[in-house]
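Look at the structure first, then read on.

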Amino acid sequence: MAIPVVIGIDKLAADYASILENRRVGLITNQAAVNAKLISTVDILYNAIGTQMTTLFAPEHGVRGVLPAGAEVADEVDPQTILPVYSLYGENREPTAAMLQKVEVLIIDLPDIGCRYWTYLSTLFYALRAAGRHQIPSIVLDRPNPITGSHVAGNILEKEFTSFVGIAQIPIRFGMTIGEMARLFNEVYDLKADLTVITMDNWQRTLWYDETGLSWVAPSPNMPSLTTPLVYPGTCLIEGTNLSEGRGTTQPFELVGAPWLDGWQLAQHLNTQELPGVRFRPASFIPTYSKHSNQLCHGIQVHVIHREEFQPVRTGLHILAAIKERSKGQFAWLEPTSGTDRPFIDLLAGTDTLRRDIDRERHPDEIWEQWQEELTPWLELRRKYLIY
């Protein structure tokens with residue numbers, strides 16, 4: 001059995017005094033940020049002798065992780081600590097000077113899932129930028145990338161498609177920890193943060209989360225199991241369409257469908273493609289909320305058979321292309337939302353060429369191969385910021 005991984009919060013907890021030096025602490029976190037004994041980072045720091053925690057900051061889903069995807073997070077008072085909680089997923093996405101007034105050191109403990117669409121990366125980016133602007137030292141508590149730090153895939157986001165679901169010019173599956181990404185953000189984007197990363201012990205790049213000795217806590221309502229982050233880099237692209245990506249079911253991102261889709265035909269076609277590490281099963285489901293809520297949907301369930309061989313981004317491209325081809329004109333890309341003139345699929349993909357390629361029925365493997373060729377410069381850049 002592998003030696004258990006020691007994460008950043010447990011290393012910080014072993015030596016509060018010399019690191020925090022009785023300074024007033026602000027913490028950006030959520031309910032999935034727990035230590036090896038499942039005690040939350042909020043409780044650990046709030047109860048630490050010699051530490052004065054003054055302020056909490058909430059990412060998407062809130063500090064307690066109860067809000068659905070996209071729901072605005074409000075400023076509030078945390079009922080357990082009676083500390084003010086400032087929203088970083090509402091009117092402000094970056095901590096303001098007023099929010100940071102009682103903060104002398106900013107601690108960031110945000111569980112990441114290793115995928116560009118995940119908004120906690122954007123929260124990390126803006127937090128480091130604010131810390132740099134206001135000359136507040138920042139500490140990132142490192143955690144495992146649950147889908148390993150060795151697999152890299154997908155296109156590089158084009159700068160003009162920067163958004164909160166794609167904050168930087170990185171690939172979809174980037175193969176780094178949040179601490180490594182903090183180092184890259186800070187230097188490459190000149191955020192000027194006085195940054196310290198509390199690294200992990202015993203973590204190796206090839207480890208999956210269930211090989212770390214740590215317990216999985218869902219970082220969002222739609223990330224319930226370890227299978228979810230595995231398929232998410234591919235099936236999250238379904239969010240940019242009029243199909244259900246399984247939100248409102250117990251298997252979000254594993255299920256894909258719509259009331260008008262022929263799931264049997266779709267599964268049969270996808271299985272003939274012999275994509276590595278995955279099989280597809282016809283599935284019907286009724287989402288309780290989100291797209292097609294309370295309607296019977298037909299589609300597929302994505303079953304990962306061999307996770308080392310599985311290529312989620314390539315699989316997602318095949319799913320999109322197959323559904324578009326078989327939709328009989330009922331498939332559609334979602335219209336732009338308020339605040340942008342770009343379809344949501346373009347923000348997720350970090351480009352408008354994916355949408356155009358799917359519309360003109362370009363083979364998904366051609367798209368995939370082109371994307372893989374684009375990764376060479378990224379792999380060179382990434383190497384400089386790897387810790388493990």
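Contact here means heavy atoms within 4.5 Å. Helices (H or I, at least four residues) and strands (E, at least two) are DSSP runs, numbered from the N terminus. This is a predicted model: local features need pLDDT of at least 70, side-chain atom pairs count only at pLDDT 80 or more, and totals for chains, interfaces and linings use all residues. Residues are numbered from 1 along each chain as its sequence is written, and side-chain values use heavy atoms, with hydrogens and water left out.

**Helix α5**

Start with the packing of α5. Its buried residues pack against α4, β6, β7 and α12 (375-383). Buried means under 20% relative accessible area, exposed means over 50%, and partly exposed lies in between (1.4 Å probe, protein chains only). In α5, 8 of the 11 residues are buried, so the helix is largely enclosed by the rest of the structure. The buried residues are I178, G179, E180, M181, A182, L184, F185 and N186. Just after α5, D190 takes a positive phi of about 50°.

**Aromatic pairs**

A pair of aromatic rings is described by the distance of the centres and the angle of the planes. Rings of Phe, Tyr and Trp (its six-membered ring) pair if their centres lie within 6.5 Å; planes under 30 degrees apart count as stacked, over 60 as edge-to-face and the rest as tilted. The structure holds 14 aromatic pairs. One of them joins F125 and Y189 edge-to-face, at 5.5 Å centre to centre and 70° between the planes. This pair links distant parts of the chain. F125 is in helix α4 (residues 120-133), Y189 is in the loop between α5 (178-188) and β7 (195-198), and the two are 64 residues apart. F125 counts as buried at 8% relative accessibility. Y189 is partly exposed, with a relative accessible area of 25%.

Why is the pair of Y126 and F164 stacked? The ring centres are 6.0 Å apart and the planes are at 10°, so Y126 and F164 count as stacked. Y126 lies in helix α4 and F164 in the loop between β6 (138-141) and α5, so the pair ties together parts that are 38 residues apart in sequence. Y126 is buried at 18% relative accessible area. F164 is buried too, at 13%.

Ring pairs join Y89, F125, Y126, F164, F185 and Y189 into a cluster. A charge sits over a ring if NZ of Lys or CZ of Arg is within 6 Å of the ring centre and within 35 degrees of the ring normal. The charged end of R93 sits over the ring of Y89, 4.4 Å from its centre. The charged end of R93 also sits over the ring of F164, 4.4 Å from that ring's centre.

On a 1 Å grid over the protein atoms alone, a cavity is a set of points where a 1.4 Å probe fits but cannot get out. A pocket is an open set with protein on both sides within 12 Å along at least five of seven lines, and lining residues have an atom within 4 Å of a point. Grid points are joined across faces, edges and corners, and a volume is the space filled by probe spheres set on the points. Ala, Val, Leu, Ile, Met, Phe, Trp, Tyr, Cys and Pro count as nonpolar, Asp, Glu, Lys and Arg as charged, and the others, Gly among them, as polar.

| Space | Volume | Lining by class |
|---|---|---|
| Largest pocket | about 810 Å³ | 17 nonpolar, 11 polar, 7 charged residues |
| Second largest pocket | about 190 Å³ | 4 nonpolar, 4 polar, 4 charged residues |
| Largest cavity | about 180 Å³ | 14 nonpolar, 2 polar, 2 charged residues |

The largest pocket is lined by 35 residues; G70, Y89, V165, E239 and F344 lie nearest its centre. Helix α9 gives the largest share of this lining, 3 residues.

In the second largest pocket, α8 gives the most to the lining, with 5 residues. The lining includes H269, Q273, H318 and R362.

A search of the whole structure finds 1 cavity of 30 Å³ or more. Of the 18 residues that line the largest cavity, A32, P111, R143, Y209 and S215 lie nearest its centre.

**Q330**

Q330 lies in the loop between α8 (312-326) and α9 (344-349). At 38% relative accessibility, Q330 counts as partly exposed. Q330 touches N242 and W260, not counting residues up to four places away in sequence. Q330 and L261 are 69 residues apart in sequence and 8.8 Å apart in space, C-alpha to C-alpha.
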